[in-house]
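The structure is shown first, and the points follow by topic.

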Amino acid sequence: MADVAGEDEDPRVAGLQRAVSRLRRELAAYRGDFAERHIAEDELAALHAMTLGGAVEARRLRRSLLVVAGALGSVSALSRALGEVRGAVDAFG
């Protein structure tokens, strides 16, 4: 029986990929200016790379989430997408 592509993929990693991608898209589309935007973009890029590599470490994910949340501050327009990233990170325990 042939393996189906993606059959061995951890659904938590797939969920994190989707959540990070959504937040990156929404951040790119957000026209407001805030001082730590580049920090959030850099950390989201690092999270994205981590999910592509498949080596996801829960402690590193939590640290990245704190950095992104701190950088986004009170940008309410991004709160739903940030919440999805938080939920995806929580899935790793």
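In helix H2, the buried residues are Arg 37, Ala 40, Glu 43, Leu 44, Leu 47, Met 50 and Thr 51; buried denotes under 20% relative accessible area, exposed over 50% and partly exposed the range in between, with a 1.4 Å probe and protein chains only. Viewed down the axis of H2, these buried residues fall within an arc of 145°, so they line one face of the helix; the arc is taken over the directions from the helix axis to the C-beta atoms. The model is predicted: local features need pLDDT of at least 70, side-chain atom pairs count only at pLDDT 80 or more, and totals for chains, interfaces and linings use all residues. Residues are numbered from 1 along each chain as its sequence is written, and side-chain values use heavy atoms, with hydrogens and water left out.

**Helix H2 and its surroundings**

- Helices are DSSP runs of H or I with at least four residues, numbered from the N terminus.
- H2 has 17 residues and reaches 25 Å from its first C-alpha to its last, close to the expected 24 Å, where the expected span is 1.5 Å times one less than the number of residues.
- The cover over the buried residues of H2 includes helix H1 (11–29) and helix H3 (58–72).
- Asp 42, Leu 52 and Gly 53 are exposed residues on the face of H2 turned away from its buried side.
- Just after H2, Gly 54 adopts a positive phi of about 85°.

**Arg 37**

- Arg 37 belongs to H2, which comprises residues 37–53.
- Arg 37 counts as buried because its relative accessibility is 14%.
- A polar atom of the Arg 37 side chain lies 2.4 Å from the backbone oxygen of Leu 27.
- Leaving aside residues up to four places away in sequence, Arg 37 touches Leu 27, Ala 28, Tyr 30 and Gly 32, contact meaning heavy atoms within 4.5 Å.

**Aromatic pair**

- One aromatic pair is counted, the rule being that rings of Phe, Tyr and Trp (its six-membered ring) pair if their centres lie within 6.5 Å, with planes under 30 degrees apart stacked, over 60 edge-to-face and the rest tilted.
- Tyr 30 and Phe 34 form this tilted pair, at 6.1 Å centre to centre and 55° between the planes.
- Tyr 30 is partly exposed, with a relative accessible area of 26%, whereas Phe 34 is buried at 15%.

**Arg 22**

- Arg 22 lies in helix H1.
- The C-alpha atoms of Arg 22 and Leu 82 are separated by 9.0 Å, although the two residues are 60 residues apart along the chain.
- Not counting residues up to four places away in sequence, Arg 22 touches Arg 80, Ala 81 and Glu 84.

Terms used:
Helix = DSSP H or I, 4+ residues; strand = E, 2+ residues; numbered from the N terminus. Polar contact = N/O pair within 3.5 Å; in protein donor to acceptor, adjacent residues only side chain to side chain.
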